[in-house]
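Load the model and have your selection tool ready.

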Amino acid sequence: MSLFEKHKPVINNAIKALHDRVFFAQYPENPAPAIYGETADADAQAKFKSGLGKKFEELKQSSPEDWIGQEESPYLQEPLKISYPSFSAQTLVERAGKAFHTWRKIPVDDRAGILVETLERIKGRFFEIAYATMHTTGQGYMMAFQASGPHAADRALEAIAAGYEELQRFPSKTVWDKPMGKFNIQLNKEWRAVPKGISVVIGCSTFPTWNSVTGIYGSLITGNSVIVKPHPGAILPIAIVVAEIQKVLAENNLDTNICQLAVDTVDKPLAKTLAESPDVKLIDFTGNSVFGSYLESLPGKTVFTEKTGVNSVILDSAEDIDKVVANLAFSVALYSGQMCTAPQNFYIPESGIKTPNGIITFDAFAQKLADNINGIVDNPKAGPFVLGAVQSKVTCERVTNAEKLPGKVWLKSRTFENPMFKNARVATPVLIEVDATGKDIFSKELFGPIALLIKTKNTDQSIALAQEMALHHGAISCGAYTTDPAVKEKIADEMALAATPVSFNLIGGIYMNQHAAFSDFHVTGGNPAGNASFTNPEYVTRRFTWVGHREPVKAE
């Protein structure tokens, strides 16, 4: 049985899910022993620890020019001392160019089968990837498992399904028969989906697999070779993914340079050199707006970006303000605000928030939010696991500086002791009241656990400001609370014009931070937060071109 036949049901189910947009998950998010094996967690933790201070030798990339690595655990604040094979940009591009001509000739059915097989192999390493993610990004255990493991694999499968479907959209050949009266003109026509070439995927430090696999698999399914350039602070999680891809390629007698890992260091970066190579045609990037905009400006490249944005919450009215506040406090605290979908700007009318039990004043809401955040932080069974650790020292400095912003500080950031990791780098959320006239303060992303409470004249001004921030500075998510259908429609319409999805009236166990594969489009590509969307058809169709050939039918 071919790999395509083996995985055809999975591919078909994924394609159906793309159309239905209902809940679908091929890879279970619950790290239960009954699902993944009784010893899976312990075995993975032992394997992770055994690899510290050693060379990562799983990659099938020959003749490394050096061995490098500078990852540091945010939980231990100590170097991992793992080194990876490094190569010059020229070597990587040359090898990718040769591998491209092998991979592009593989039929799409076979490519799809091979790629889904890689996900099945990666599934067996979800726990190991989780520990690698914890100790490079600072994510809590549950988020590290879910986001870097099953959720990332589902996003990868989504890209495979989207690419596979688009490559099947048109027939590969047909006979074109045009009646001309006494005779017909007949042409044999064929169409080829031609991949664009070498793809470079540039990762980020906070979500090294989730944010990268969609571009990796989107390019691979469409026949492009891929160079994966992770952030130098978060290599191990995606190195494991690339290693598994290479192993499956080798088993199928294919060039393992179809997918390569390109490691670098902060002082000797590779991303710019790779991106500017004339042989590189596709670039995927997650990170800051300055470098993202530079990549978008490069001539002759097809570029997919997710950049910074300013996410808003519009508060108008609510059925149960305590449930609302609990939900928002968790959203602010989750992974210490280091998610691209985390809320930052909270717009609250000066007249307060309407509820069935009366008006909740601005001050009352601010105090409730502060109290709920403190409740999470001070709960030893919640705080360390919800907040995790802070990936970068720069983020901690940003949080400290935020308290100096003009405006009332409702909640100061503080540290707390993680019972499992005494040296963890932590920073609890800071809440600051800002006047609606202070656009210079709230019109930029303040990455990390920083929330701004903005007092507006009314809900109309709140909507206008949220829309303005999204249009001019980008937004990936938006939260809104209202019991008024007319207000709800106005928010939906105005934010849609700013290409920003809105989560209305969320309470309980679902948060505006979360985007689900096969259902939610992650980033819309319609505002400055990014020019691409996980995973709409354009995300894969821009990675190849349709080329047609024709020839007269030979007379019999």
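**A helix and two partners**

Start at the end of the helix: select G138, the residue that follows α6, and check its phi, which is positive, near 90°. Keep in mind that this is a predicted model.

Now select α6 itself, residues 126-137. Its 12 residues reach 16 Å from first C-alpha to last, close to the 16 Å expected at 1.5 Å a residue. Colour by accessibility: 12 of its 12 residues are buried. Among them are E128 and H135.

To see the contact, show F126, F127, I129, A130, Y131, T133 and M134 of α6 against Y141, A144, F145 and S148 of α7. By class, the contact of α6 with α7 has nine nonpolar residues, two polar and no charged.

Which residues meet in the α3 and α6 contact? From α3, pick A40, D41, A44, Q45, K47 and F48; from α6, pick F127, E128, Y131, A132 and H135. This contact of α3 with α6 divides into six nonpolar, two polar and three charged residues.

Finally, show both contacts together. F127 and Y131 of α6 touch α7, and F127 and Y131 also meet α3.

Technical notes:
Residues numbered from 1 in each chain as written. Predicted model: local features only at pLDDT ≥ 70, side-chain atom pairs only at ≥ 80, totals over all residues. Heavy atoms only, no water. Helix = DSSP H or I, 4+ residues; strand = E, 2+ residues; numbered from the N terminus. Expected span 1.5 Å × (residues − 1). Buried < 20%, exposed > 50% of the residue type's maximum accessible area, 1.4 Å probe, protein only. Contact = heavy atoms within 4.5 Å. Nonpolar A, V, L, I, M, F, W, Y, C, P; charged D, E, K, R; others polar.
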